[in-house]
Amino acid sequence: MSRRRISAVLTALALASATPVLLPASGASAAACSSYPNWVAGRSYVTGNVVRYTDGKTYIAEHDNPGYDPTISTWYWDPYACDGGSTPPSDGFVVSEAQFNQMFPNRSSFYSYSGLRAAMSAYPAFANTGSDTVKKQEAAAFLANVSHETGGLVYVVEQNTANYPHYCDWSQPYGCPAGQSAYYGRGPIQLSWNFNYKAAGDALGIDLLNNPYLVQNDAAVAWKTGLWYWNTQSGPGTMTGHNAMVNGAGFGQTIRSINGSLECDGKNPAQVQSRVDAYQRFVQILGTSAGGNLYC
C-alpha cells in the first residue's frame, strides 16, 4: 500500500473516531536525575532536556536548540538544580493535591495525584519553566486538555471498543506484537496506534509496544505518556503544548496540537469551547489569569 493510501486510511479512521490520531514521531529522552547525559556541542536538544555541562553543573533546555553552549546561550538554557536523583522536580508542582481534587471531583482513582507527580520527573521542564504565572498556566492547560480527553479523568481506556482493531498499522516494520486490537486509546491523552506506543515507549525507556496494557494498569506510566505527548509532539499543530504555553502562543495552540485537525478552524467549535471552559476553570482554581489566544 502506498504511503498516500496509508495516510488516507489513517485520516478516515481518525474522522470516524473521537480519539485524535497521533502521527509517528521521535520523542525526547527521559532520564533520572542521577543519569543526565553530558552536554555535547552540536547535538540537537529539545525543550526539557537536562544535561551536565563540562563545569559539572546541570542545565535544562528552555527552547529547542542545535547544541548551543549552556553558559553562553542563556535564552536556550537555564541552570537546573539537581540533587543527584532523590528529589523529582514535581516537589515544587504549582498544583496542590487539594486543587487537583477540586479540578477533578469525579475522577477515577486510577488517575492519582501521586502518579502525576511521579511521572513529572520524566519531563522536568513541565510546569517548571518561566514565571509562576506561566507555570500555572501550563499546568492548567495540560490538565484542561486531559480533562476533555477523559471526561474529567473518568475514562482510562477508549470507550468505543469497535475502534480497537483499527489502531494497528502493519506497514510499520515492528508490526503489532501485542495483537491487532491492543493499541486502543489509553491514559490522559488517550495514546493510540502501535507507532505511538513505540515512540512513547522508546522515549520513556518502557517497552510499550509489547506491553501497551501498562498504560491502563500503572498510573505513573499513563501520566508519562500524556506528558510525553505534551512536551515532545506537535501533532497536527506547529508546536508542542509545552512550547505553546511557555512561549506565549496561547491555549488555542495546545488544542491545535492535540486535535486541531478535527476541532480547529471552525470544524467543531463546541469541542474547542469545552476545552477553553475547563482551562478557564482551572486557572481560576490556581489563582492566575488565562492569558490570550484561547481559541484555535
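Reader: Which residue stands opposite T58 of strand 2?

Author: Good place to start! This is a predicted model, and in it R52 stands opposite T58 in strand 2. There is another such pair to look for: V50 stands opposite I60 of strand 2.

Reader: How many bridges join strand 1 to strand 2?

Author: There are 3 bridges between strand 1 and strand 2 (residues 58-61), and the two run antiparallel. On to strand 3: strand 2 is joined to it by 3 bridges as well, again with an antiparallel run.

Reader: Which way do the residues of strand 2 point, and are they buried or exposed?

Author: T58 and I60 point one way, while Y59 and A61 point the other way. All four of these residues are buried.

Reader: Now the helices, please. At what angle do helix 4 and helix 9 pack?

Author: To read a helix pair, start with the angle and the distance between the axes. Helix 4 (residues 132-150) packs against helix 9 (residues 251-263) at about 25°, and their axes are 9 Å apart. An angle under 35 degrees counts as roughly parallel, so helix 4 is roughly parallel to helix 9. Their crossing is right-handed.

Reader: Which residues make the contact?

Author: From helix 4 come A141, A144, N145, H148 and E149. Helix 9 brings F251, T254, I255, I258 and E263. Sorted by class, the contact of helix 4 with helix 9 has 5 nonpolar, 3 polar and 2 charged residues.

Reader: Let me try a single residue. Where is T288, and is T288 buried or exposed?

Author: You will find T288 in the segment after helix 10 (269-286). Buried means a relative accessible area under 20%; T288 has 17%, so T288 is buried.

Reader: What is T288 in contact with, leaving aside its neighbours within four places in sequence?

Author: With those neighbours set aside, T288 is in contact with T133, K136, Q137 and V283.

How values were computed:
Residues numbered from 1 in each chain as written. Predicted model: local features only at pLDDT ≥ 70, side-chain atom pairs only at ≥ 80, totals over all residues. Heavy atoms only, no water. Axes fitted to C-alpha atoms, helices over the stretch in contact; angles between N-to-C directions. Helix = DSSP H or I, 4+ residues; strand = E, 2+ residues; numbered from the N terminus. Parallel < 35°, antiparallel > 145°, perpendicular 65-115°, else oblique. Left-handed = near helix turned anticlockwise from the far one by under 90°. Contact = heavy atoms within 4.5 Å. Nonpolar A, V, L, I, M, F, W, Y, C, P; charged D, E, K, R; others polar. Pairing = 2+ DSSP bridges. Buried < 20%, exposed > 50% of the residue type's maximum accessible area, 1.4 Å probe, protein only.
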